[in-house]
Amino acid sequence: MSSNKVIHAIYNDDDVLMDAVHKTRAAHHHIEEVFTPFPVHGLDKAMGLAPTRLAICAFIYGCIGLSVATTMLNYIMIQDWPQDIGGKPSFAFYQNMPAFVPVMFEMTVFHAAHLMVITFYMRSRLWPFKKAENPDVRTTDDHFLMEVSVKDNEDELVKFFKSTGAVEVKVVEVENDKH
Amino acid sequence: MYTFSSKLKTFSFVLMIVGILGIGYGFLTAPKTIQDVEAILKAEEAHHEGGHEAAATHEAAGAESHETVAATHEETAKTAEHSTAVEHEEAVAETTHDTIAKDTVAAVTVAEPAHAEHAENKAEAHADEHAEHVEHVFHQLQNKPWAALYVACIFFLLITMGVLAFYAIQQVAQAGWSPVLFRVMQGITAYLPVISVVFFAILLLSGFHIHHLFVWMKEGVTDPTSPNYDEIIAGKSGYLNFAFWISRAAIFLLGWNVYRYLSRKNCLAQDEANDDVFYKKNFKMSAAFLVFFIVSESIMAWDWIMSIDAHWFSTLFGWYVFASFFVSGITVIQLVTIYLKSKGYLENVNSSHIHDLSKFMFGISVFWTYLWFSQFMLIWYANIPEEVTYFKTRIEVFTVPFWGAFFMNFVFPILLLINSDFKRIYWIVVMGGIVILVGHYVDFFNMIMPGTVGDRWFIGVPEISALLFFFGLFIYVVFNALTKAPLVPKRNPFIEESKHFHY
């Protein structure tokens, strides 16, 4: 990034924010980030973010969980030590399968849920002791902040964001960020 | 306003006529007398290498010891070849008898020494068994066209009930997305009064002994002096007696129809009203209906389906039946909606409505599977003889429909409809819907056929014709009803939200 300046346009209403995002996109300014205190419905679509693939991950993890459970039960109950426990048929996997289904189901759900959550944490870089990346404390309470990088059009941008209904427009110097 | 296309109308008539012809064919080809059955069995024996003749020669040869396992069989008992399994210990016995005795209540083992007189006794006993077997097959074959009619009729009846229950839930839940679909649901439930009459008539005929779908209605079942006496059924006769049973049926059908009629009437009145009085009336009525419905639904499942296997019982059966027809009902709403939408009649329905219905199809399919598996697994696991016969018959004699229903009702929809994008694609949803509907027909088939026709089951002319007939009638009645009122309610308090529903 050539410039190390960004504009922080602060809004106090999510409708105004949505409107501003539409306008900013129409004016072809690149939105670095939007900070909101709560999920704003449709913001991702307005910003043109790609849809998440977390659900696809979860499906794959579920399949993994099912395979783990099946392999485990088959090995333990059928292959390794096929004991007669209360007359249950342990000659082949399919014969005793109904008894394994509760485990297979729970393992599928367990893997799908936990691995998906971990994937989410990793992809969104969340962990304990992580340094909060909050440009303005008010964005966790009642303000919305749109961050737009400045090239060499500072005055024009400030004017533009003033016109979008921002309650505050700041030009901020940022040290070259790592991400 | 919807106009019933003449093509569709002709199509429905064709279905009905073909259906009636097929149903008639089914009744005409059913054996009338014991002699017919003898002939049928002879013909079958010619295919399998001879059962009875071979057995007869064994007796003539005279043996050292016989072990006869005479399994007394109830009405629901089925076996592949013989209803009783005869085991010969002699070396001469090379002919393999089918020794799987299914649904046998008691097995009597008689060991006798070999004597000349014994051969006589044996032959006599065998003749008795044979006569009993022929009579058993005779009843199964006579039941076949009736059972085919019954399965198709109850399937369509309960589909309309699934729609009605869904409709009532949407009212009570004050759903914001579904009011644009209310008239579609009302159109589908217009089938309810028609099919209720047909169904009630079939139930009545059983009381006049025109057909024998319900074992417990057989004469002498509760009479200790009768050869038909059945202690277990006699013990249940306080509940399972025709007068009480038919009056329950009448009350349930009447209750459901009254709700449907009044709800529709109020909904139309609400269109012309200046306030929300009719809406509120419908709200209260729907809440009351749902209470009545869940009680009557459970009892209905015992009466109309579970009592076919009168020796068997299961506690979650009512829920299981409910899940089966509820998902079918939702699927039918979906298919009718997509049809009307594709013809350009539902401009307010968007892909989000379709998506929501697909989610219901998906979710309730999984719910059905949950109940299906729970019922199966609990009985399989404990393996108590008096309960497990139910599944033994189904797995051994109805192998393909039994597991096929599981694949069509669970594996296929879960893999197809899990994808959010697929839930909006018409052709995928229609494909999934058709598989779900066929799957649930098979599900009802599995519930009813084993207790009525047993190993004589086949999905042939009578079964398919009965389906075609009721499907034709369905199209005619439903699409006719859809022409009677505008497809969008005017003054429903949630209609605006519903029109702009977006997911």
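Reader: In this predicted model, with which residue does Glu154(A) form a salt bridge?
Author: A salt bridge is counted when a side-chain nitrogen of Lys or Arg lies within 4 Å of a carboxyl oxygen of Asp or Glu. Here the closest N and O atoms are 2.9 Å apart, and the partner of Glu154(A) is Lys5(A).

Reader: In what order do the four strands of the open sheet in chain A lie?
Author: Two strands are taken to pair if DSSP finds at least two bridges between them. The edge strands, each pairing on one side only, are β2 (31-35) and β4 (168-173) of chain A. The pairing is antiparallel, and the order is β2-β3-β1-β4.

Reader: Which residue of β4(A) is the bridge partner of Ile10(A)?
Author: Strand β1 (residues 5-11) of chain A runs antiparallel to β4(A) and is joined to that strand by six bridges. In one of these pairings His8(A) has Lys170(A) as its partner, and for Ile10(A) the partner is Glu168(A).

Reader: What angle does the direction of helix α5 make with that of β1(A)?
Author: Axes are lines fitted to C-alpha atoms, for helices over the stretch in contact (heavy atoms within 4.5 Å), and angles run from 0 to 180 degrees between N-to-C directions. Helix α5 (residues 154-163) of chain A packs on the sheet and touches β1, β3 and β4 of chain A. With the direction of β1(A), that of helix α5 makes an angle of about 10°.

Reader: Are Lys144(B) and Glu463(B) buried or exposed?
Author: These two residues form a salt bridge whose closest N and O atoms are 3.3 Å apart. Lys144(B) lies in helix α4 (residues 116-172) and Glu463(B) in helix α15 (residues 461-482) of chain B, so parts 319 residues apart in sequence are tied together. Residues under 20% relative accessible area count as buried, those over 50% as exposed and those in between as partly exposed (1.4 Å probe, protein chains only); both Lys144(B) and Glu463(B) are buried.

Reader: What is the relative accessibility of Arg394(B)?
Author: Arg394(B) and Asp309(B) meet through their side chains in a salt bridge (3.4 Å, N to O). The pair links distant parts of the chain, with Arg394(B) in helix α12 (residues 385-397) and Asp309(B) in the loop between α9 (277-305) and α10 (317-342) of chain B, 85 residues apart. Asp309(B) counts as buried at 8%, and Arg394(B) also counts as buried, its relative accessibility being 2%.

Definitions and conventions
Residues numbered from 1 in each chain as written. Chains lettered and ligands numbered in written order. Predicted model: local features only at pLDDT ≥ 70, side-chain atom pairs only at ≥ 80, totals over all residues. Heavy atoms only, no water. Helix = DSSP H or I, 4+ residues; strand = E, 2+ residues; numbered from the N terminus.
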